[in-house]
Amino acid sequence: MGCMNSKSVRKFPAREDSLDLAAETAFTVNEVEALFVLFRSISNSIVNDGLLSKEEFQLAIFKNKKKDNIFANRIFDLFDVKKLGVVDFEDFVRSLNVFHPNASLKDKIAFSFRLYDLHNTGFIERPEVKEMLIALLFESDMKLADDVIETILDKTFVEADLKQDGKIDTEEWETFVKRNPSVLKIMTLPYLRDITISFPSFIFNSTNVERVDETSTRL
Amino acid sequence: MENEKIPSVYEHGSCSRSAEPEPRPNDSRILGRKYHLYWALGFGSSAIVKLASDVTTGHGVAIKIFDKEFIDGKKKSVKKRMKIALEREISAMTMLRSHPNVVRIIEVMATTTRVYIVMELVVGGATLLDKIGRTSGMSETQARQYFHQLICAVDYCHSRGVIHRDLNPSNLLLAADGVLKVSDFGMTALPQQARQDGLLHSACGALDYKAPEVIRNRGYEGEKADIWSCGAILFHLVAGDVPFTNILQADFICPSFFSASLVALIRRILDPNPTTRITMNEIFENEWFMENYEPPRFYRQNFTFALDMINDSNLDVNVPNLVHRIHKSVLLRGMEQGLQHHQETSFISQNPVDEIIDGIERVAGIMGFDVKRINSFRMSIEGGANARRKGHLAIFIKISEIAQPFHMVELRKAEGDVLEFHNFCKHIYAALSDFIWKGRAEPIDTETDG
């Protein structure tokens with residue numbers, strides 16, 4: 001991981017970086033800057049390297065780094081676009097964008113599909129789903145009888161696996177999700193709209209150069 | 001070019017006044033691709049407030065603009081204090097944004113040179129100072145209506161750890177429908193400044209509403225100082241003038257037309273001794289105050305979520321829904337905790353549905369709530385013993401089967417104060433601890449009640 005050493009800890013995103021991220025996401029330049037305040041606080045909570053590790057991600061979500069969670073692990077793996085084991089700020093913003101209320105439904109459906117495609121085969125397959133379900137129940141200290149688990153899996157695949165070939169493809173998943181809207185609720189974080197008032201200290205470091213009020217009297 | 005109309009500059013402190021935005025494309029400029037900026041609504045000691053409208057929706061907003069140069073030009077210690085004050089103003093308004101009597105913050109924006117606080121536009125265009133200035137005093141009935149709103153807003157501020165410290169009629173906006181809005185949460189920490197008209201802030205009347213311990217500039221309790229300010233404002237509303245000729249001596253005479261119960265209340269509020277001054281709790285028990293009192297109705301938040309919850313099936317058990325239901329409380333609680341949006345919580349139970357419902361109904365009843373069973377797995381809870389003060393709390397509860405014997409119990413606030421919601425959940429968790437599946441469900445770590 002030599003590339004980690006080559007990255008210096010930046011105090012604030014450069015103007016060009018904020019502009020680029022704003023252009024390709026639903027976030028404004030100021031919202032990108034506010035996200036940096038958030039990112040800096042969580043990414044430096046364990047190792048002060050300007051990069052977000054899985055442990056730091058777990059700590060941010062659960063306030064307890066000892067907790068493990070297959071779902072949070074999966075989200076982190078999808079944020080870790082470069083597969084380096086850590087997430088940099090750019091990938092953090094691009095990945096978080098899918099949770100924005102204004103992100104497209106298509107992107108949310110695609111991301112949720114990949115959440116369940118544990119082995120990245122391009123399909124949601126019964127063994128993967130069973131693996132996730134058992135891990136989930138284990139983490140919750142819940143014990144379900146084997147036949148109950150199989151019944152739930154049967155029910156799920158009857159609903160979702162329209163082609164009845166034993167696996168769910170992206171097309172089937174889209175159909176399933178549209179019939180079960182609650183599945184996508186987790187894909188929207190409404191408070192991303194409030195990111196600037198939640199982390200207001202970005203205002204003192206903003207590199208935004210929007211020109212406005214050229215002719216107004218100076219305060 | 002100077003096409004922008006500028007209303008008259010107010011002498012007292014910072015102020016905002018609103019008007020319906022009129023389309024003036026030639027005079028407007030686009031801020032952040034989001035807002036048309038129009039003319040100034042008012043000036044403060046370090047900021048200007050402008051009328052603006054949302055480019056997308058056309059809705060009017062007020063935007064408070066700070067010039068960073070004004071801050072950067074100060075010496076280091078002053079600069080730091082001003083930055084802290086500005087950030088605190090934003091944080092305070094954010095914490096208070098669900099209260100109907102506080103000016104609601106929408107977002108904050110910045111450039112290399114300026115900071116913009118985007119707030120709701122209070123349509124109607126008046127401050128309480130305007131209202132008083134045009135009359136010789138108002139009836140006690142009318143004054144009481146404003147005082148109710150002011151006290152509820154200040155009480156809410158205090159419960160959130162926010163001390164206003166600069167309550168005066170020029171910081172109280174009046175909407176056209178008579179709704180009072182407290183504004184300006186950051187000004188008091190700023191040093192006294194000469195305004196553009198050259199007048200010192202300290203000489204322009206705001207001192208008329210400051211408690212004697214504040215004026216003496218010794219250590220003081222913020223809550224009690226704010227209560228004093230409310231009393232001075234109430235006196236001014238009815239008498240048509242501020243109470244004191246010599247503010248340091250804190251002596252005053254109630255006009256003969258004050259009712260006996262109003263005199264009694266005023267004397268308890270404008271008590272120069274903070275330790276014997278009336279408290280918020282006592283105000284909410286006071287005879288004059290409680291006449292015709294109606295609690296505030298908080299902004300309804302995430303109502304579509306609540307409707308969504310109502311329409312959600314409770315029997316649709318498949319893996320994604322199961323995953324969603326179990327993880328939702330964990331993910332939401334963890335991430336939202338840092339963002340102070342604790343609007344919902346949930347726990348898992350092995351008890352039968354009817355036992356869970358009976359248990360919740362019993363606890364809610366003890367707390368003074370009205371419980372309505374919507375069907376065999378949904379209920380709504382409204383009111384509460386604190387409703388008369390903290391406002392109306394409305395909670396939707398839904399019980400979904402995860403897989404026998406496990407059920408997910410979701411509690412979601414549809415209306416009211418989030419701290420009261422936390423308090424309710426804490427009581428439910430404590431009273432029904434035997435019902436709660438210990439492996440996953442955890443009592444929520446609520447903030448201390450104010």
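This short talk covers the cores of a predicted model, then chain A, then one hairpin in chain B.

Some ground rules. Residues are numbered from 1 along each chain as its sequence is written, and chains are lettered from A in the order in which they are written. Local features need pLDDT of at least 70, side-chain atom pairs count only at pLDDT 80 or more, totals for chains, interfaces and linings use all residues, and side-chain values use heavy atoms, without hydrogens or water.

Start inside. A nonpolar core is a set of buried Ala, Val, Leu, Ile, Met, Phe, Trp, Tyr and Cys residues joined through side-chain atoms within 4.5 Å. Buried means under 20% relative accessible area, with a 1.4 Å probe and protein chains only. The largest core has 145 residues. F92(A), W173(A), F147(B) and L150(B) have the most contacts inside it. Helix α6 of chain B, residues 222-239, gives the most to this core: eleven residues. Helices here are DSSP runs (H or I, at least four residues), and strands are too (E, at least two), numbered from the N terminus.

Now W173(A). Contact means heavy atoms within 4.5 Å. Beyond four places in sequence, its contacts include F113(A), Y116(A) and P320(B).

Next, chain A. How many helices and strands does it have? Eleven helices and four strands. Of its 219 residues, 52% are buried.

Last, chain B. Strands β11(B), residues 369-375, and β12(B) pair in the antiparallel sense over six bridges. Pairing takes at least two DSSP bridges. The two form a hairpin, with two residues between them. D370(B) has E382(B) as its bridge partner. In β12(B), residues 378-383, five of six residues are buried.

Conventions: Buried means under 20% relative accessible area, exposed over 50%, partly exposed in between (1.4 Å probe, protein chains only).
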